[in-house]
Amino acid sequence: MNISRVKLMESTLLTNAAHVEDRETMDAYIYEQEKQKRLHEELIAEGYKIVDDPASLESLVGTTQDIEVLCEMWTPRLLCKLFVKGTEHLDHSFHLVPLHQIVKWQYQVPEPGTTFTGKFIVGVRRVGEKQFVPALRLPLK
């Protein structure tokens with residue numbers, strides 16, 4: 001087998017591997033989007049009310065958005081305490097996202113005190129009896 005044929009085969013294998021990874025990533029995001037949209041609809045149907053939305057995310061529930069966030073700190077359990085840009089002054093408006101999910105899906109390690117833009121799924125989180133808030137999510141897979 002000649003060298004150019006081997007290089008072509010390597011290139012094809014790498015392209016196919018990247019395509020499979022992209023499809024798996026897209027499937028994971030779509031699954032989580034649909035899950036969050038369904039949960040939001042169920043909460044509304046059960047009489048839950050949104051109690052706080054300083055970043056105006058409720059209308060985006062069930063979608064993937066590029067969102068600029070400030071990483072304030074890492075917790076001892078390696079959760080990143082994130083604030084949507086512009087809400088840093090509101091102590092209660094943070095989102096906890098596992099560091100390992102950010103590394104896996106965003107390909108970056110946010111350092112405390114830095115901002116970054118990432119693709120987040122806007123979801124929901126129950127916070128009290130018949131109450132919820134928007135939440136930044138990433139696929140669990």
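This is a predicted model: local features need pLDDT of at least 70, side-chain atom pairs count only at pLDDT 80 or more; totals for chains, interfaces and linings use all residues.
Colleague: In what order do the helices and strands of the chain follow one another?

Modeller: The chain contains two helices and six strands. Read from the N terminus on, their order is α-β-β-β-β-α-β-β.

Colleague: Which residue in β4 stands opposite leucine 79?

Modeller: Strand β3, residues 79-84, runs antiparallel to β4, and four bridges join the two. In a regular strand, side chains alternate between the two faces of the sheet. Strand β4 has His95 and Val97 on its covered face, with Leu96 and Pro98 on the uncovered one. The residue opposite leucine 79 is proline 98.

Colleague: Why do the buried residues of helix α2 lie on the same side of the helix?

Modeller: Helix α2 spans residues 99-106, and its buried residues are Leu99, Gln101, Ile102, Trp105 and Gln106. They lie on the same side of α2 because the arc they cover around the axis is only 160°.

Colleague: How many residues of the lining of the largest pocket are charged?

Modeller: The largest pocket has a volume of about 160 Å³. Its lining consists of 14 residues, and those nearest the centre are Pro54, Ser93, His95, Val133 and Pro134. The lining divides into seven nonpolar residues, four polar ones and, as for the charged residues, three.

Methods
Residues are numbered from 1 along each chain as its sequence is written. Side-chain values use heavy atoms; hydrogens and water are left out. On a 1 Å grid over the protein atoms alone, a cavity is a set of points where a 1.4 Å probe fits but cannot get out, and a pocket is an open set with protein on both sides within 12 Å along at least five of seven lines; lining residues have an atom within 4 Å of a point. Grid points are joined across faces, edges and corners, and a volume is the space filled by probe spheres set on the points. Ala, Val, Leu, Ile, Met, Phe, Trp, Tyr, Cys and Pro count as nonpolar, Asp, Glu, Lys and Arg as charged, and the others, Gly among them, as polar. Buried means under 20% relative accessible area, exposed over 50%, partly exposed in between (1.4 Å probe, protein chains only). Two strands pair if DSSP finds at least two bridges between them. The arc is that of the directions from the helix axis to the C-beta atoms.
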